[in-house]
Amino acid sequence: MRIALFITCVNDLMFPGTGKAVVSVLERLGHTVDFPEAQTCCGQMHANSGYRAEAMPMVRGFVETFADYDAVVAPSGSCVAMVRDSYPRLALGDPDLEAGVAAIAPRTYELAELLVDVLGVTDVGAVFPHTVTYHPTCHGLRMLRLGDKPLSLLRGVQGLELRPLEGAQECCGFGGTFALKNAGVSSAMLADKCGAVEDTGAEYVVAADNSCLMHIGGGLSRRAATARPIHYAEILASTGSAS
Amino acid sequence: MNGTGNIVALKPFPDAARLELDDAQLRTNLRRATHTIRDKRLRVVGEVDDWEQLRLSGAAIKDDVLARLPELLERFEEAATKAGAVVHWARDSAEACEIVTALVKETAAREVVKVKSMATQEIGLNEALEAAGIAATETDLAELIVQLAEDTPSHILVPAIHYNRSQIREIFLSKMPGVTRGLTDEPRALAEAARKHLRAKFLTATVGISGANFAIADTGTLVVVESEGNGRMCLTLPQTLISVVGIEKILPDFSSLDVFLQLLPRSSTGERMNPYTSMWTGVTPGDGPQTTHIVLIDNGRTATLSDEVGRQALRCIRCSACLNVCPVYERVGGHAYGSVYPGPIGAILSPQMTGDGANKTLPYASTLCGACFDACPVRINIPEVLVHLRQKGPKSRAEHAAFASISWIMRDRRRYAAALRAARRGSAPLRGRGPLRRLPWPASAWTVSRDLPLPPKESFREWWAKR
């Protein structure tokens with residue numbers, strides 16, 4: 001199977017460790033991962049902020065870049081949701097693009113989907129002797145219906161203690177440009193999320209999206225809380241006691 | 001034609017929201033109330049095996065109605081007229097208020113009793129009647145509280161959700177005639193006080209005013225669904241009954257009503273069935289109001305219907321499940337939305353009804369978390385419509401320029417890679433001092449409550465290239 005990594009622009013610049021972790025997990029499982037360097041951004045921020053015309057070159061770019069792969073994997077629920085949920089709508093009216101999207105969108109997976117649904121794995125041989133709490137990010141939860149998939153992977157990690165998060169399914173308040181346009185409401189939502197994370201006493205707050213984690217982590221850092229954000233791919237990649 | 005009335009936000013949402021966020025009591029009240037209804041709804045929805053099928057049916061019936069609305073409206077008018085009702089048509093709120101005011105004046109009544117109705121709140125009927133010297137009394141408990149407080153509703157179903165019971169007691173003490181200091185804030189005592197106050201109004205009023213949850217095209221029947229029985233009083237005791245109904249409330253027949261009588265109570269109050277369902281068809285000689293009027297209002301609905309993506313908002317049955325699950329609504333309450341339709345549904349309904357960029361900040365009053373879509377009994381894809389309205393709506397030149405230049409960078413791998421290098425190098429002097437705590441505008445909106453990490457020394461693609 002030809003697997004391509006779609007790193008996503010935020011991860012590429014800000015969280016390269018998450019990309020390295022995805023590569024490491026998949027290679028450990030015996031797969032070859034390709035990184036097509038023509039990839040840039042999925043266009044989610046543009047499309048969701050109302051700049052459809054400006055998003056379209058990125059939609060086309062994604063479809064061209066990944067057309068030849070059997071599977072595309074991204075460590076981001078919201079970018080995958082953009083491809084699977086929004087691309088078909090954005091492509092409407094352009095038959096070639098519609099066909100391109102119809103071909104690639106169903107083969108674009110969030111990491112947990114690829115591991116659990118496609119490769120049939122829940123134990124990736126990871127060791128992570130720490131307490132963690134899991135925040136299901138909105139697009140993973142309600143657009144991709146990831147459900148228990150990331151959790152089932154975390155449960156397979158040796159030494160990991162999972163603590164339940166109060167109000168887990170509530171949005172952290174990020175919402176892309178919402179965090180800036182409605183900073184007050186966003187901060188109020190974040191305060192509740194950070195409070196819930198702190199209440200668990202866990203060392204790490206885990207999620208499937210680094211943009212949400214950057215938001216929650218930014219709030220925790222401002223509150224001088226001890227809990228730190230970490231993408232679950234990095235936990236799955238971990239094989240020792242290093243944090 | 002654009003809609004008018006109490007559906008126009010006077011302040012941009014972020015400004016209005018900021019004021020509400022300062023009210024700690026409000027947030028406590030909202031959190032308690034929305035979470036209680038939310039949990040009840042989840043329980044009763046979970047009992048229904050074919051809930052998803054019901055949602056699909058509800059959406060399909062509404063879409064069919066919207067696709068042949070003119071035909072069904074005419075059929076409704078014909079049937080209702082034949083049954084003895086008088087049907088009126090209003091293009092906007094001013095016309096609707098004029099029609100209703102003239103009808104009340106014809107009866108010489110100076111007082112009317114009202115059933116809780118979003119349509120009459122939308123058109124500002126109480127204000128119009130007051131200007132004509134007619135006193136309208138809200139008889140739904142929560143609407144009465146809001147009216148006595150000289151406030152506006154902040155929720156579609158629970159208009160006084162922003163008050164707790166001790167605040168309600170204070171309102172009754174200062175505004176309700178005949179109430180003494182002995183009144184406690186026990187829900188039972190408060191309800192009893194309202195009951196006594198309203199009983200006199202029910203028995204003397206000669207004109208009742210209502211909305212309708214559904215209007216059956218086949219028979220000309222109107223349907224009101226309620227919990228307190230005040231509606232039944234208003235719909236049966238007065239001589240004259242005037243009902244203000246949005247044109248999208250039409251259902252083809254009684255068999256389609258079946259679906260909605262299952263969807264609505266479970267989604268709104270979290271009950272398996274609502275206590276009172278009243279239906280009337282024109283006039284029944286010797287039984288109930290002997291004069292019935294139906295005022296069908298457009299007020300921006302036809303304009304909404306003309307938008308292929310946005311029209312799904314007209315499926316709304318005003319259950320308010322989307323408000324109760326919305327994390328934004330929970331923090332700011334209904335007043336921040338400026339319209340009688342708050343929350344996620346208000347954010348897509350109000351801007352479409354008013355058109356012309358009024359309410360332009362409302363489509364941005366959402367993180368697109370999708371909780372509203374999951375809760376909606378008629379499957380309105382609210383996030384989809386929000387994004388669609390953002391696309392259609394006005395934008396600032398500076399923001400447009402910023403997005404256009406990012407798009408220019410992102411459409412070319414070399415420009416993109418160069419931008420990553422530039423971002424990394426630009427932030428290099430700051431490295432080693434921890435995350436950023438203060439940034440200049442517009443990024444200051446981020447650092448108001450959040451630190452920002454710096455990009456690490458090497459991007460992923462740089463690492464990959466060296467591998």
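**Legends to views of chains A and B**

View 1. L13(A), Y51(A) and R222(A) supply 13% of the area that chain A buries against chain B, more than any other three residues. The contacts, defined as heavy atoms within 4.5 Å, involve 62 residues of chain A and 65 residues of chain B. This is a predicted model, in which local features need pLDDT of at least 70 and side-chain atom pairs count only at pLDDT 80 or more, while totals for chains, interfaces and linings use all residues. Residues are numbered from 1 along each chain as its sequence is written, chains are lettered from A in the order in which they are written, and side-chain values use heavy atoms, with hydrogens and water left out.

**View 2. Chain A and its overall dimensions.** The secondary structure of chain A comprises 13 helices and eight strands, where helices (H or I, at least four residues) and strands (E, at least two) are DSSP runs numbered from the N terminus. Its C-alpha atoms fill a box of roughly 50 × 45 × 25 Å along the principal axes. The radius of gyration of chain A is 18 Å, which agrees with the value near 18 Å for a compact globule of 243 residues; this radius is taken over C-alpha atoms, and the globule rule is 2.2 Å times the number of residues to the power 0.38. Of the 243 residues in chain A, 63% are buried, with buried meaning under 20% relative accessible area, exposed over 50%, and partly exposed in between (1.4 Å probe, protein chains only).

**View 3. A loop of chain A around A224(A).** A224(A) is placed in the loop between α12 (210–222) and β8 (228–231) of chain A. Although A224(A) is not a glycine, it has a positive phi of about 55°. The residue counts as exposed, because its relative accessibility is 66%.

**View 4. Strand β5 of chain B, with A215(B).** Chain B, whose secondary structure comes to 22 helices and 10 strands, includes A215(B) in strand β5 (residues 214–216). A215(B) has a relative accessibility of 1% and therefore counts as buried. Leaving aside residues up to four places away in sequence, A215(B) touches F76(B), T221(B), L222(B), K249(B), I250(B) and L251(B). By contrast, the C-alpha atoms of A215(B) and E462(B), which are 247 residues apart along the chain, are separated by 64 Å.

**View 5. The loop of chain B that holds N299(B).** N299(B) lies between β10 (291–297) and α13 (301–305) of chain B, in the loop that joins them. Its phi is positive, at about 45°, although N299(B) is not a glycine. With a relative accessible area of 0%, N299(B) is buried.

**View 6. A cis peptide bond in chain B.** The peptide bond that runs from W441(B) to P442(B) is cis, and its omega is near 0°. P442(B) is found in the loop between α20 (413–427) and α21 (444–447) of chain B.

Notes
Buried area = accessible area lost by both parts, 1.4 Å probe.
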